[in-house]
Amino acid sequence: MKLTTYCFSPTGTSRQNMMAVVKGLGIEDVAHRDLTLCDSDSFSFTLHSSLDVVIFSAPVYGGKVAPTALARMEQVRGEDTPAILLVTYGNRNFEQALSQLADFVCERGFRPIASAALVGEHSYSNATYPIAVGRPDATDLASAEEFGKRIATKLNTQEGVRQINVAEEMPRLETPESSLLAFRAFVQEYTRQQQENPVKVYPSASKEACTHCGKCVTLCPTQAITLGKEEVSDPMRCIRCCACVKGCPSGARTFLSPFAKPLSENFQIRREPLYLL
Ligand SMILES: Cc1cc2nc3c(=O)[nH]c(=O)nc-3n(C[C@H](O)[C@H](O)[C@H](O)COP(=O)(O)O)c2cc1C
Ligand code: SF4
Ligand code: SF4
């Protein structure tokens, strides 16, 4: 059995979670196709046979799969190939992301056999507004590894591998009513303000703190930062993934997302990973 993984992970949490599942699966023949950086040669057409197993792993953006991830998975095809679907979200909610990913892979010839909604530190988390700091932690990774082991058992059953129905069978998250209402009120007010006076904010770097080391340029998945002009982000390219913010060794790059405060205030309760197989 051959395992291929397709992963988009600007701040690394989707990759960490996926690697724990891979460890649990225990398959020796593994090819990792990382879709995070622009210079990747992994976006080309690839056809997988029904004897392969494929993992698709991506973060949740706005309750859906990060659009850049889907764009980079566009060329992958299966022939009734078993697929494991993993999304990682920042402790708020994953909403349609998993069912969207399931539809996407089914349209391309895959057969979903397992799915998981895993938790990662929120891309917008910072010292003032912490959101799921340090996730996935050791408990998350042990749980993801155990899930990988259970998938391995399923793949080795004699009866054949059952296809899952993600839209109907995936467990859903409960959010306390007060958090839901407070967050919705924030989003409504923010949307109203944006309609009246659209102001989009992007990560930027302090001139004083930036050493022009160029690390953010190499970490950016969409080539939105230019060497020598690291203080700014190209608004036409930036997807606000925060890879540059979290990866800046000098702490020079910051992103003051207006969502950080309401997310931190309303989604402190620890979410646990959810699984379906
Ligand atoms: C633009 C954007 C939108 C996001 N939307 C959500 C969301 O709807 N729900 C949520 O819980 N987390 C959301 N997050 C947080 C990420 O899903 C989370 O931090 C994830 O761990 C990032 O994955 P990565 O480390 O692979 O980049 C969002 C992050 C970004 C950058
Ligand atoms: S990683 Fe930080 S210090 Fe290095 S160039 Fe980018 S903003 Fe400047
Ligand atoms: S400039 Fe934008 S797209 Fe590039 S790493 Fe920073 S947040 Fe992500």
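**Entry 1: the end of helix 3**

I started just after helix 3, where Gly109 takes a positive phi of about 95°. I kept in mind throughout that this is a predicted model.

Next I went back into the helix. Which residues of helix 3 are buried? Within residues 97-107 I found Ala97, Leu98, Gln100, Leu101, Ala102 and Val105. An α-helix has 3.6 residues a turn, so residues three or four places apart point the same way. I then looked for what covers these buried residues of helix 3. The cover includes strand 4, strand 7 and strand 8 (110-119). Strand 5 (64-65) and helix 5 (166-169) are also among the covering elements.

I followed the chain into strand 8. Nine of its ten residues are buried, and strand 8 is mostly covered.

How do strand 7 and strand 8 pair, parallel or antiparallel? They pair in the parallel sense, over nine bridges. I noted one position for reference: Leu85 stands opposite Ser115 in strand 8.

Strand 8 also meets strand 11, residues 274-276. Here the two run antiparallel, and three bridges join them. I picked out Ala116, whose bridge partner in strand 11 is Tyr275.

Phi of Ala132 is near 55°, a positive value in a residue other than glycine. Is Ala132 buried or exposed? I counted 24 other C-beta atoms within 10 Å, so Ala132 is buried; the cut-off for burial is 20 or more.

At Pro136 I looked at the peptide bond. The bond joining Arg135 and Pro136 is cis, with omega about -5°.

Gln223 gave me another positive phi in a residue other than glycine, near 55°. Gln223 sits in the loop between helix 7 (215-219) and helix 8 (243-247). I counted its neighbours as well. Gln223 has 13 C-beta neighbours inside 10 Å, so it counts as partly exposed.

**Entry 2: two domains**

The chain is divided into domain 1 (2-175) and domain 2 (178-266). Their C-alpha centres lie 25 Å apart. How many residues are in contact across the two domains? On the domain 1 side there are 15 residues, touching 17 residues of domain 2. I sorted the domain 1 side by class: seven nonpolar, seven polar and one charged.

**Entry 3: ligand 1**

I turned to ligand 1. I found 24 residues around ligand 1, and the closest are Ser14, Pro59, Gly90, Arg92 and Gly120. By class, I have seven nonpolar, 14 polar and three charged residues in this shell.

Which elements each supply at least two residues of the shell? Helix 1 (13-25), strand 4 (52-61) and strand 7 (81-89) do. Strand 4 gives the largest share, three residues.

Why does ligand 1 lie between the domains? Domain 1 and domain 2 both give residues to the shell, so ligand 1 lies between them.

**Entry 6**

Ligand 2 has 13 residues around it. The nearest are Ala205, Cys210, Cys213, Cys216 and Cys248. I sorted this shell into six nonpolar, four polar and three charged residues.

Ligand 3 is surrounded by 16 residues. Here the closest are Cys220, Ser233, Cys238, Cys241 and Cys244. By class, I get 13 nonpolar, two polar and one charged in the shell around ligand 3.

**Entry 4: Glu177**

Last, I checked Glu177. Glu177 lies in helix 6, residues 177-196. I found 8 C-beta neighbours inside 10 Å, so Glu177 counts as exposed. I also took its separation from Arg270. In sequence Glu177 and Arg270 are 93 residues apart. In space they are 16 Å apart, C-alpha to C-alpha.

Methods: Residues numbered from 1 in each chain as written. Chains lettered and ligands numbered in written order. Predicted model: local features only at pLDDT ≥ 70, side-chain atom pairs only at ≥ 80, totals over all residues. Near = placed C-beta within 6 Å. Helix = DSSP H or I, 4+ residues; strand = E, 2+ residues; numbered from the N terminus. Nonpolar A, V, L, I, M, F, W, Y, C, P; charged D, E, K, R; others polar. Domains from an automatic or database assignment. Buried ≥ 20, exposed ≤ 12 C-beta atoms within 10 Å, placed from the backbone. Contact = placed C-beta atoms within 7 Å. Pairing = 2+ DSSP bridges.
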